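Trainee: Could you take me through one part of this model closely? I would like to look at the core and what surrounds it.

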Amino acid sequence: MKIDRVETFLVSPRWLFCRVSTDDGLVGWGEPVVEGRAEVVRAAVDVLAEYLIGEDPLRIEQHWQVLTKGGFYRGGPVLSSAVAGIDQALWDIAGKAYGAPVHALLGGAVRDRVRVYAWVGGDETGEITDAVTAHVEAGMTAVKMNASGVLSPVPTLAELNAVVARVTAARDALGDTRDVAVDLHGRATFAAARLLLPALAPLHPLLVEEPLLPEHGDRLPELVGLTASPLATGERLYHRSDFLPALRAGISVVQPDLSHAGGISEVRRIASLAETHGALLAPHCPLGPVSLAASLQVALSTPNFLIQEQSIGIHYNVGADLLDYVADPEPLRIVDGHIARLELPGLGITVDEAAVRRADRSGHAWRNPVWRHDDGSFAEW
């Protein structure tokens, strides 16, 4: 069996899909994308495909090594995401070739279902309450929310109180038996994080995500010592070596994205590295169905897994949603806040190829917003 074609598809609202086909008819799907830079990653996939044509798709680890190390310049979000999508597609082919779901090839499932959380938005506490209540009524056991919008370098008392009020509204709607995760999204300076973390701790967040920008990771040990809340990071880290300093700093949860951090192959290694440091895995995934399916395969086979992000109905998905690109949504159906173990061969979903090709004819040029402070200076989104 040989790889005979690698195709990419710009799929609204903001995704890039990859289709790898073989000369005996097997097809694998991946999701190689950097949100806001999909066209750039598409070009990277095209370059990497030059090596793949004519190769045996089942030599996944060999291909991962060559694709990540075969060029003199390594790493970074674009290359790592291109490799990630290809890696997902190769695992999809392997599962179909062996007639087994990917989690079976990774050593077998260690759980029967995967806990997932839903996103909630809203600037006012009433909006938060309504959104969380709707998720609770739908059976969700956990939600995640942004702590704030634009955040001042040193938050005012009003900003601090607004963050606490919003999370309090979510906590009140959830009660004591469900969880709220809080995302600082790298918007907080070190000074801001020092103020926010103690204020949020009494609300018992499941995790506080990206309390600092990745480039300020050397300050993480100070924040870990400041709060009992589990700190999480990793959506903008792309290799296990990037996670090592954060783990040594004492973070509780790693959040690699299977469409950014080298795919299934590398995230499995990151999860094992985290396990040796007593940390948990909660894959980042505000993306499409292929990325989610790949994440679920890792979650099913990873002992130190905590919870899975998923983007069904997320506010980014305007005009198209995750389930629009699968032939059968049943494998991704959420029941009581969980997705059942995927059993179909490969990644466990059937991509609606016709829908993907239709979407690619229109494409997209999604860009993340650029925020500014009141004085006109750049603000972290």
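**A close look at Y325**

Mentor: Start with Y325. Leaving aside residues up to four places away in sequence, Y325 touches V11, S12, W15, F17, P289, A320, T350, V351, D352, A355, V356 and A359. Keep in mind that this is a predicted model.

Now place Y325 in its setting. The largest nonpolar core has 109 residues, and I264 and Y325 touch the most other members. Helix α3, residues 77-98, gives the most to this core: nine residues. A second, separate core has 13 residues, among them A181, L206, A232 and Y316. As a general point, nonpolar side chains tend to be buried together in soluble globular proteins.

Step back to the whole chain. The protein chain holds 12 helices and 15 strands. Its radius of gyration is 20 Å, close to the 21 Å that the globule rule gives for 381 residues, so the chain is as compact as a globular protein of that length. Along the principal axes, the C-alpha atoms fill a box of roughly 65 × 45 × 45 Å.

Burial comes next. Of the 381 residues, 55% count as buried.

The accessible surface of the protein chain comes to about 15000 Å², and carbon and sulfur atoms account for 53% of that. As for charge, the chain has 32 positive and 48 negative charges, and their mean positions are 4 Å apart.

Notes:
Residues numbered from 1 in each chain as written. Predicted model: local features only at pLDDT ≥ 70, side-chain atom pairs only at ≥ 80, totals over all residues. Heavy atoms only, no water. Helix = DSSP H or I, 4+ residues; strand = E, 2+ residues; numbered from the N terminus. Rg over C-alpha atoms; globule rule 2.2 N^0.38 Å. Buried < 20%, exposed > 50% of the residue type's maximum accessible area, 1.4 Å probe, protein only. Areas by Shrake-Rupley, 256 points an atom, 1.4 Å probe, with all protein chains shown as cover. Lys, Arg positive; Asp, Glu negative; His and termini not counted. Charge placed at Lys NZ, Arg CZ, Asp CG, Glu CD. Core = buried A, V, L, I, M, F, W, Y, C linked by side-chain atoms within 4.5 Å. Contact = heavy atoms within 4.5 Å.
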